[in-house]
Protein chains: 2
Amino acid sequence: MTTLLKTLKEILGPQGWNCDPEELRPHTTEWRGVYEGRTPLLARPATVDQVAAVVRACADAGVAIVPQGGNTSMCGGAIPDATGEQIILSLSRMNRVLDVDAANFSITVEAGCVLADAQEAATVAGQYLPLSLGAEGSCQIGGNIATNAGGLNVGRYGTARALVLGLEVVLADGTVMNSLRSLRKDTAGYDLKQLFIGSEGTLGIITAATLRLFPDPGQLATALVGIENAGVAVDILASLKTALDDRIESFELVSQRVFGLVERHIPDATLPFTEEYPWYLLIETATGSTPQLLEDALATEIERERILDAVIAKNSKEAEALWRLRHSISEAERQDGKALKHDVSVPLSKMQQFLQRGDELLARLRPDLRLIAFGHVGDGNLHYNVGLPRDLTEEEWATEGARITRAIYDLVAELGGSFSAEHGVGQSKRAWLAEYRGGAELELMQLLKKTLDPANILNPGKVI
Amino acid sequence: MTTLLKTLKEILGPQGWNCDPEELRPHTTEWRGVYEGRTPLLARPATVDQVAAVVRACADAGVAIVPQGGNTSMCGGAIPDATGEQIILSLSRMNRVLDVDAANFSITVEAGCVLADAQEAATVAGQYLPLSLGAEGSCQIGGNIATNAGGLNVGRYGTARALVLGLEVVLADGTVMNSLRSLRKDTAGYDLKQLFIGSEGTLGIITAATLRLFPDPGQLATALVGIENAGVAVDILASLKTALDDRIESFELVSQRVFGLVERHIPDATLPFTEEYPWYLLIETATGSTPQLLEDALATEIERERILDAVIAKNSKEAEALWRLRHSISEAERQDGKALKHDVSVPLSKMQQFLQRGDELLARLRPDLRLIAFGHVGDGNLHYNVGLPRDLTEEEWATEGARITRAIYDLVAELGGSFSAEHGVGQSKRAWLAEYRGGAELELMQLLKKTLDPANILNPGKVI
């Protein structure tokens, strides 16, 4: 290890590494504090050639590398293990926007570019990078792609995968694979970049990407509506998709209990209704040349008695206030105390059944559970979190947690869903992968891992 | 081989195979007649279990399999070689629509389902399957996915890849991998289906798929406009994308020479203009609730002098007449005689440069070449075909053809483009793959092929 560290320091130069455990704490600790690891060295390469040299040196020494972007993983995907023998490779110095090609509706960035900076570069060019998620001020494009990030507008624009036109990747032996093309159509052989999207740094290290841009969606209309149940949400979505020419930017479902937490814990956060409703939808659409479209569509849904009440933001300040309610959920949840997190998806047609059967299931498991459900229902994605009684011991928490999580994932699987919709697998869900994607799928995943990273040096212990 | 054939016949039953060379001609000959092969047996399995059993039997015997859908490949991708030792596996009996899940905006079909039948099933459910291409009346979904088909509306909806939510695939050892999920968000491990999309049956045999559906785009507006050059086309595209809220369904570029061929060879095909223009755009947009949007947007472009003249279809009959001009190009080309076909893509921002430098290049190569250029310019995809003098000998054709094609592909590569935009590689472009995607990319493709199909029995001699 001593020889390797010396080599790495030479490759990286004085600005390019850090070995101080104290200074490295933000890199060795998960942002929520759930995972903590150790590392002998944080590599901070400035160029793809340095990344390649670091990987080659580590491969020669048989030392593992944990690639790290903004360290905003929800599953411990970017944290080294406790051995203190895994190098962290941070992409954060490689944070440049390399090119905005407005005529091609594309942007090329280094992997360490913060998502918000890439969004801003697109905006400056009069265009729009749709990827949008809570962590956008600190997460990095490389991490977004490595985890196939979802977020708020997948229904219209797809996940990160749908935005990637090209990638530059460093393979496990230090080879640089430059597939940084910016083409919408390309059938010249296997589409290799797909391998690295969503593989959480276990098959290669993404160093740069070219992403699709879209025309600025222009005027947005934002509404908060109260509804009776989540099944209605799916019907409303189908109607609005047609009525609004498929230009629904966001379609978020939040339970009364969740907004109750927000009102309780977040200063000045108040729902704009006098009554309470069991569920709420936060809907945002691009209205383009026809600003009244959303209002008309909602009026129809009120006539049909699918919507109980609706508030449309009259200006961007009001829209921001509505979004603040949504964006405050994580913080309100955090203040409310520990909960079991489940980031699940089901087919939209199964959403209502999932929620109904989930209610029954939780009641059966324990009468004292608190369901904290919200999410991107437009994509079939729910954050289906469960609060346990606060007086449980740590041990009871672990046992009960495992039992409840398994029951929820079983239900999700039965309905054709996924136990990981947008947060990936990381460290925390590896066991579930074997359980719910076992057989031919898991075998092929293992085969790919073994083929692309035979010495298991790329983010070992993650995903697979 | 005799033993294998006996086994296959037992697996497939009397309806499931054919060994008559005469009856098999439509399966052993490419539709244009460019490729011809031989086979001892055409397997026509009716179920995925039969596909798996056939693959296992062939794997045991070390005999290769050529998967075949509608046999509409432009690159000989579905034709066996001349040895007469490759089994053809036709998916055409597996042609059922298994499920239309309207609430989930998805459809599940067997691989042999003809594209038009899947489109129709979506329409019946009041929804829309956007994949659309010339061969849609005979091509099959399995082939569309295996070649990552593009077509007419990639700009808005993406290629076949973007539509695939789930796949069922038979691997090279006969294992059935069921990933037939219908989720919009799923980060549970590697996204294995991506491997098989666009790999032309060389890594696995697709037996069923779940595809995204969209709301019916409703009222369409269709226009044909005359323009000065292709650079203007890209500017117009950018303007219209914004003006029309990104709802451009098709954006096709056709040169005067190409429409000249159509007017000459196709009965009753006449352009609706009194004057000739160097280039034409065929534009179709979903206008939803605002039918006048396209007219307004085109008027603006005429004021800006980027559009020289425009005709907007007043009804669906007029729209069909405009599309008939576009859809007659292949037939007009065929009647005009042999030409070098190039299915290339470049970044949109390089389109004008490509066409300008292409003109210069062709003039330099031979003054007597005829450029036949048209394509899906909204996706940067051009069919850049070149007619050679009709009096060349076959040998001169071959030599000159290779020289001209290489020069064009070199230019495409220099501009960051692809020598295969939407037609795949098949047999005809294998050598170019090695040339233009050599190095790390080709090596990784070869590694994948060797890993997933170590005995090289899946569509050998294709792609790689």
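## Where the two chains meet

Modeller: Gladly! Let us begin at the contact between the chains: 40 residue pairs are in polar contact between chain B and chain A, with both residues at pLDDT 80 or more. Please keep in mind that this is a predicted model.

Biologist: Which elements of chain B give two or more residues to the side that touches chain A?

Modeller: Helix 6 (154-157), strand 9 (176-179), helix 8 (193-196), strand 11 (214-215), helix 9 (230-243) and helix 17 (440-452) of chain B do. Helix 17 of chain B gives the largest share, nine residues.

Biologist: What kinds of residues make up the side of chain B that touches chain A?

Modeller: That side divides into 33 nonpolar, 32 polar and 19 charged residues. On the charged theme, there are 12 salt bridges between chain B and chain A. One of them links A:Lys185 to B:Asp379, with the closest N and O atoms 2.9 Å apart.

Biologist: How many residues does the contact take from each chain?

Modeller: The contact takes 84 residues from chain B and 84 residues from chain A. Between chain B and chain A, about 6,300 Å² is buried, and carbon and sulfur atoms give 61% of that. B:Lys185, B:Thr187 and B:Tyr190 supply 16% of the area that chain B buries against chain A, more than any other three residues.

Biologist: Now for a sheet. What holds the strands of a sheet together in pairs?

Modeller: In general, strands pair through backbone hydrogen bonds, and the pairing can be parallel or antiparallel. In chain B, four strands form an open sheet in the order 1-2-4-3, and its pairing is mixed.

Biologist: Which are the edge strands of this sheet?

Modeller: They are strand 1 (17-18) and strand 3 (65-68) of chain B, each of which pairs on one side only. Look at strand 1 of chain B: two bridges join it to strand 2 (residues 42-43) of chain B, and the two run antiparallel. Within chain B, you can find B:Asn18 opposite B:Leu42 of strand 2.

Technical notes. Residues are numbered from 1 along each chain as its sequence is written. Chains are lettered from A and ligands numbered from 1 in the order in which they are written. This is a predicted model: local features need pLDDT of at least 70, side-chain atom pairs count only at pLDDT 80 or more; totals for chains, interfaces and linings use all residues. Side-chain values use heavy atoms; hydrogens and water are left out. Two strands pair if DSSP finds at least two bridges between them. Contact means heavy atoms within 4.5 Å. Buried area is the accessible area (1.4 Å probe) that two parts lose on being put together, summed over both. A salt bridge is a side-chain nitrogen of Lys or Arg within 4 Å of a carboxyl oxygen of Asp or Glu. A polar contact is a pair of N or O atoms within 3.5 Å; within protein, one must be able to donate a hydrogen and the other to accept it, and residues adjacent in sequence count only if both atoms are side-chain atoms. Ala, Val, Leu, Ile, Met, Phe, Trp, Tyr, Cys and Pro count as nonpolar, Asp, Glu, Lys and Arg as charged, and the others, Gly among them, as polar.
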